[in-house]
Amino acid sequence: MSEETGEVRDGDEPLGLKPTVPSSPRWHRWRDLHREGTELLAAGRFAEADARLREAVAETRVADVDAEGLLHRARSLANLAGVAEGTGGAAEAERLSGEAIGLCRGLLPGAEGSVPTERPVPAAVRTDAALTLVNTLTARAQTRTLAGLPELVEADLDEAFAVAGELAEPPPQLLVFSLHGARTGQFMLTGLLAEAEQEALLALDIALAHHPELAAYPCDNLARMALACGNPEGAEQFRAIAADPHAFSAELSEEAPHVERFAVGSAESMVAGPAAVVWPLAPRWRRCTLLNAEGVRLALAGRLEEADQVLAAAERATRTVGGGLDTLVCRAGVLLNRVGVAESTGDLGNALALADEAIALLERVVAEAPDDGRDDGGGGGGGAGPGDGTGGGGGQLGQLLGARNLRAALLRESGRHAAALAELDRVEAASPALGDAERPTVEVWALLLRATVASALGRLAEADAAGRAALALAQERVPALTPRIHVLLADLAGTLGDTSTSEERFALAGELFAVLGDAGGEAATLASLGRNAYLAGDWETADARFARAEALVTGEGHAAQLAACRLGRAAVAVSSGRAAAGLDLLDTARAALGAEATPLRRIAFHQVRGGALAALGRFPEADDEVLAARRLAEESQGWHVALTLDWWRADAHARWAASLPPDERGPVLERALATAVPAALAAEAARQFFAAGGDRERWVALAAAPALRAALLATRNAGRPTLAVALLDHLTATASLSADAREGAVPTPGASAPPDVTDVPLPRHEPLTGDRLSYAAAALGLATGGDPAFPAPRLALPPRVRVVPGTPSELEPWMERAEQVYGFPVRAPEAVRAW
């Protein structure tokens with residue numbers, strides 16, 4: 001009896017399960033018998049418990065039993081299975097558990113079997129049936145683990161996790177603890193110690209946050225696994241937690257955990273520092289947030305591989321049931337951090353996949369979380385309310401739109417400009433719902449990204465307007481973003497060939513970064529200015545700017561920028577005739593970055609090293625470096641970067657051959673020819689992958705024109721005049737390759753400076769098809785891309801050119817080789833006569 005109400009309370013299950021609603025009067029006698037039997041079972045008085053629980057079961061075996069009665073029978077049967085297990089009756093325990101599980105399954109929606117009652121099943125009974133089913137499956141799995149039946153254990157736990165995950169409300173934390181504890185046993189039984197460790201850590205998270213008295217169980221498992229892996233120090237740490245779990249629990253509760261976010265790489269132009277997600281969390285998530293914070297620290301330090309490993313562990317800490325919206329918020333924040341790491345390593349495909357998953361999670365949070373609070377799944381604080389100025393969805397709408405901006409940036413980097421613009425349209429449509437605190441930042445980033453996409457599409461007026469709108473909004477509402485916008489406008493001015501404006505804006509951005517105390521941003525602008533001077537051939541100015549940038553990033557957390565500055569200085573040294581000094585600088589750059597170099601940076605290392613070795617006359621070694629760069633490019637960047645390296649390699653072979661006696665030049669010149677001609681044919685044909693505009697013009701300037709020059713040089717050096725004529729005839733069906741590039745952007749013939757592969761635009765995955773227009777028409781100005789109302793016509797591949805119809809030209813075997821090397825057609829099958 002309750003002393004306060006005078007009512008008899010329903011008894012708790014051994015795992016602490018409480019019914020959703022009290023027993024109806026019809027089942028009060030069952031309630032009393034079941035409660036008494038459960039208490040006797042907990043006291044270890046198995047014979048008396050067995051008698052009472054069997055009486056309770058008998059109370060439910062009536063002809064007119066309803067759904068509630070069937071649920072009560074299942075609960076008593078489950079406890080009877082516990083009695084049988086305690087007295088060594090494994091077979092009887094299995095039978096009783098099976099009957100209880102069958103009854104619970106029959107009470108759930110969509111059950112294959114029907115319950116033996118014609119009365120409807122109330123929603124509360126269905127909920128209790130689901131909880132009892134999870135409880136009983138978990139208990140049976142633990143028994144089967146002890147019996148060494150891994151397949152049956154896995155089946156029980158898979159079903160238990162699935163049912164728990166479908167509950168409308170998070171299950172009790174004690175039940176979730178039992179689920180992860182049972183899964184730990186399953187993985188330990190099958191020798192999967194890494195997976196077992198993860199499950200035990202999840203159980204420990206829950207125990208320390210909600211039931212410290214149970215922490216000894218996962219700690220014991222974790223200590224045993226640590227010893228098995230040769231880690232006695234780790235085992236001792238877990239034993240210390242088990243010895244005083246309440247102290248560790250109190251430490252976890254001292255400060256509400258939060259999820260830090262950071263942005264790295266070109267997706268947001270420059271490195272930005274971490275910021276906390278506005279969503280107070282329950283103490284259960286402290287380990288996840290600490291791992292996430294460590295991953296952020298490693299990422300900002302340039303230790304990307306380590307960062308991703310730690311962030312992956314943080315993500316695994318969210319792969320649980322019963323966390324409510326906290327689980328989604330934590331996982332989304334960690335995933336977005338992993339997006340930044342993946343993007344920084346050049347893995348755009350993985351970055352997009354991670355961003356898609358994070359966006360889907362945040363959409364659920366925004367849809368399900370009220371503005372003035374939330375379901376935390378375990379005692380966390382309330383979400384942001386409407387007065388916080390953070391928009392709807394418990395304050396997570398801003399996070400969602402920020403994630404969409406990030407996805408748009410990744411789509412832009414992948415060359416999927418239409419998809420990027422569609423994503424930005426979604427941001428624009430939703431941003432008015434944001435509060436005053438978040439809306440300006442989201443809108444500034446969206447405008448910035450829209451400007452970069454428009455620039456890539458050749459819609460330069462639109463790009464300039466979006467950039468200026470972003471600048472005006474940032475200056476008024478988000479001054480910290482102002483220097484980033486000047487960087488964008490500087491890049492845009494450089495694309496237009498306005499070198500002086502580009503320099504001025506980069507310089508202004510650097511000054512603003514300095515005022516804001518952002519050493520990384522200031523260094524990035526100086527490096528951009530140094531790169532411009534390098535491309536213009538002003539070696540002294542370039543080296544001075546790279547050196548100033550390097551001085552700003554010598555501290556911890558700037559390894560990638562430090563390496564980039566030293567790489568820039570190495571390239572300057574090689575190009576200015578100081579090849580030996582360039583090699584020394586390359587060694588220091590490699591040491592600064594260690595094993596964390598991205599594929600693109602490793603390509604640049606090999607390029608510059610190849611140039612230095614060639615300048616020193618060590619041509620075979622130089623060629624090995626270029627081939628290593630090409631392999632990396634093909635694996636991580638694509639054929640377009642590999643092609644750029646091919647024309648440079650052919651050009652380097654011309655210098656190699658010139659250093660040899662005449663009778664030894666033949667093999668080198670033939671290799672130059674075999675590399676240069678296919679590269680030139682593919683580079684010219686690759687314009688089919690670009691819409692008219694900035695990207696196509698950059699491709700011509702940085703790939704097609706220098707590749708053609710290298711091919712003509714190779715045919716001349718190899719003494720193949722008829723091949724040269726065939727190549728020139730081939731060009732008569734194309735647009736002109738002459739295009740005004742940014743001053744100094746294309747290396748001069750014979751220069752040892754490598755091409756800048758970071759400038760090479762990313763082609764589409766498929767050729768542009770549809771409206772069929774020749775390249776010659778494009779050269780006449782019929783193709784435009786400046787106004788979205790008048791999109792550029794799409795281009796078709798030109799025909800083959802033959803002197804004698806029906807007789808393949810000398811160039812056609814080279815076309816076949818180009819198609820084989822680069823994987824796409826370089827000419828249409830039709831043929832026309834040469835002029």
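The protein chain holds 33 helices and four strands. The model is predicted. Of its 835 residues, 54% count as buried.

**Whole chain**

- Take the contacts in the protein chain between residues at least 6 apart in sequence: 68% of them join residues at least 24 apart.

**Helices α3 and α5**

- Helix α3 covers residues 67-86, and helix α5 covers residues 123-146.
- The two pack at an angle of about 20°, and their axes lie 10 Å apart.
- Angles under 35 degrees count as roughly parallel, so α3 is roughly parallel to α5.
- The crossing of α3 past α5 is left-handed.
- On the α3 side, the contact uses Ala 67, Glu 68, Leu 71, Arg 75, Ala 78 and Glu 85.

**Helices α14 and α16**

- Helix α14 runs through residues 324-344, and helix α16 through residues 397-413.
- Their packing angle is about 20°, with the axes 11 Å apart.
- The cut-off for roughly parallel is again under 35 degrees, and α14 and α16 are therefore roughly parallel to each other.
- α14 and α16 cross in a left-handed sense.
- α14 contributes Leu 336, Val 339 and Glu 343 to the contact.
- α16 contributes Ala 403, Leu 406, Leu 410 and Glu 413.
- By class, the contact of α14 with α16 has five nonpolar residues, no polar residues and two charged residues.

**Glu 48**

- Glu 48 sits in helix α2, which spans residues 46-60.
- The relative accessible area of Glu 48 is 37%.
- Buried means under 20% and exposed means over 50%, so Glu 48 is partly exposed.
- Glu 48 and Gly 37 are eleven residues apart in sequence.
- In space, Glu 48 and Gly 37 are 7.3 Å apart, C-alpha to C-alpha.

Terms used
Residues numbered from 1 in each chain as written. Predicted model: local features only at pLDDT ≥ 70, side-chain atom pairs only at ≥ 80, totals over all residues. Heavy atoms only, no water. Axes fitted to C-alpha atoms, helices over the stretch in contact; angles between N-to-C directions. Parallel < 35°, antiparallel > 145°, perpendicular 65-115°, else oblique. Left-handed = near helix turned anticlockwise from the far one by under 90°. Contact = heavy atoms within 4.5 Å. Buried < 20%, exposed > 50% of the residue type's maximum accessible area, 1.4 Å probe, protein only. Nonpolar A, V, L, I, M, F, W, Y, C, P; charged D, E, K, R; others polar.
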